[in-house]
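I opened my notebook and went through this structure one topic at a time. Here is what I looked up, in the order I looked.

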Amino acid sequence: GKLGYRVPTIGIPKFLLKVVGLFDFSARSILSQVNYIAHFDCSKCKSLLGIEFSPCSQAFVEMAESLVEIGYIRKTKKYRKSKKSSNFE
């Protein structure tokens, strides 16, 4: 990508995941989540507590940036922290 990271985007066919799952518990454990779309309703939390949640696209960027900042992912030469991300430090 433009920041120097290559994120894997290739999927694996479910039948192949089942075969791998015969030998690998971690592959077997995610079989129930393949092609599953989760839907969440936060309306009660919003109305009772007045919390406004960040959009998922922003939350994913902030999560990835935090992994870089704490050292789980190495910084590339092109890495620059997003200007849109909130700063809780």
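**The aromatic pair**

I began with Tyr 79, which is buried at a relative accessible area of 12%; buried means under 20%, exposed over 50% and partly exposed in between, with a 1.4 Å probe and protein chains only. Before going on I noted that this is a predicted model, in which local features need pLDDT of at least 70 and side-chain atom pairs count only at pLDDT 80 or more, while totals for chains, interfaces and linings use all residues. I also noted that residues are numbered from 1 along each chain as its sequence is written, and that side-chain values use heavy atoms, with hydrogens and water left out.

I then looked for aromatic pairs and found one in the structure. For the rule, rings of Phe, Tyr and Trp (its six-membered ring) pair if their centres lie within 6.5 Å; planes under 30 degrees apart are stacked, over 60 edge-to-face, and the rest tilted. The ring centres of Tyr 5 and Tyr 79 are 6.4 Å apart and the planes meet at 85°, so I wrote the pair down as edge-to-face. The pair links distant parts of the chain, 74 residues apart: Tyr 5 is in the segment before helix H1 (14-21), and Tyr 79 is in the segment after helix H4 (56-69). For the helix labels, helices (H or I, at least four residues) and strands (E, at least two) are DSSP runs, numbered from the N terminus. Tyr 5 has a relative accessible area of 22%, so I have it as partly exposed.

**Helix H4**

Does the length of H4 agree with its residue count, or disagree? I used the expected span, which is 1.5 Å times one less than the number of residues. The 14 residues of H4 should span 20 Å, and the end C-alpha atoms are 20 Å apart, so the two agree.

Next I asked which residues of H4 are buried. They are Glu 62, Glu 65 and Val 68. Seen down the axis of H4, these buried residues fall within an arc of 115°, so they line one face of the helix; the arc is that of the directions from the helix axis to the C-beta atoms. As a reminder to myself, an α-helix has 3.6 residues a turn, so residues three or four places apart point the same way. On the other side of H4, I found Cys 56 and Phe 60 exposed.

Glu 62 is buried yet has no salt bridge, and the nearest side chain of opposite charge, Lys 81, is 8.6 Å away. Here Lys and Arg count as positive and Asp and Glu as negative, with His and the chain ends not counted. What I did find is a polar contact of 2.9 Å between the side chains of Glu 62 and Gln 58. A polar contact is a pair of N or O atoms within 3.5 Å; within protein, one must be able to donate a hydrogen and the other to accept it, and residues adjacent in sequence count only if both atoms are side-chain atoms. Gln 58 is also in helix H4, and at 25% relative accessibility Gln 58 counts as partly exposed.

**Salt bridges**

How many salt bridges are there? I count two, taking a salt bridge as a side-chain nitrogen of Lys or Arg within 4 Å of a carboxyl oxygen of Asp or Glu.

- Glu 52 pairs with Lys 46, with the closest N and O atoms 4.0 Å apart. Glu 52 is exposed at 65% relative accessibility, whereas Lys 46 is partly exposed at 37%.
- Lys 75 pairs with Glu 69, with the closest N and O atoms 3.8 Å apart. Lys 75 is partly exposed at 48% relative accessibility, and Glu 69 is partly exposed at 36%.

**Backbone and loop**

Last, I checked phi. Most residues other than glycine have a negative phi. Asn 35 has a positive phi near 60° and is not a glycine. Asn 35 lies in the loop between H2 and H3 and is exposed at 72% relative accessibility.
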